Amino acid sequence: MNILRPHFRTAALALAAAGLLASQAMAIPAVVPEQPQPVVLAASDCYAIGQQVAEQNGGTLAKASQSTRGGQPVCIIVVLVPGKEGQRPRRSEIVVPLN
């Protein structure tokens, strides 16, 4: 019986793997409808705006993200401005309308 045990284990694993592959093959749709993917350029625009805002404030850009406030698209810019006399940098959040 000890001789057959490894063979049963191998056969069981092979059957389980075959069943898994077969179920995955059935889950894939035969025809994938082509849907146009929207192109979002706002992130790069917010990043460019963020770089300009950081330069104007004499800091470094930490984060630039797009959001909607009052139904209008805006960029939320986070700038790290160096502290005075060796202190920690200040975190400044600036909201700029996305034009």
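Author: A residue is called buried when its relative accessible area is under 20%, exposed when over 50%, and partly exposed in between, judged with a 1.4 Å probe and protein chains only. This is a predicted model, in which local features need pLDDT of at least 70 and side-chain atom pairs count only at pLDDT 80 or more, while totals for chains, interfaces and linings use all residues. Residues are numbered from 1 along each chain as its sequence is written, and side-chain values use heavy atoms, with hydrogens and water left out.

Reader: What percentage of the 99 residues in the protein chain is buried?

Author: The protein chain has 99 residues, and the share counted as buried is 16%.  The elements, which are DSSP runs numbered from the N terminus (helices, H or I, at least four residues; strands, E, at least two), follow the order α-α-β-β-β. Within that chain, then, the buried share is 16%.

Reader: Is Thr 68 buried or exposed?

Author: Thr 68 lies in strand S1, which covers residues 60–69. Because its relative accessible area is 56%, Thr 68 is exposed.
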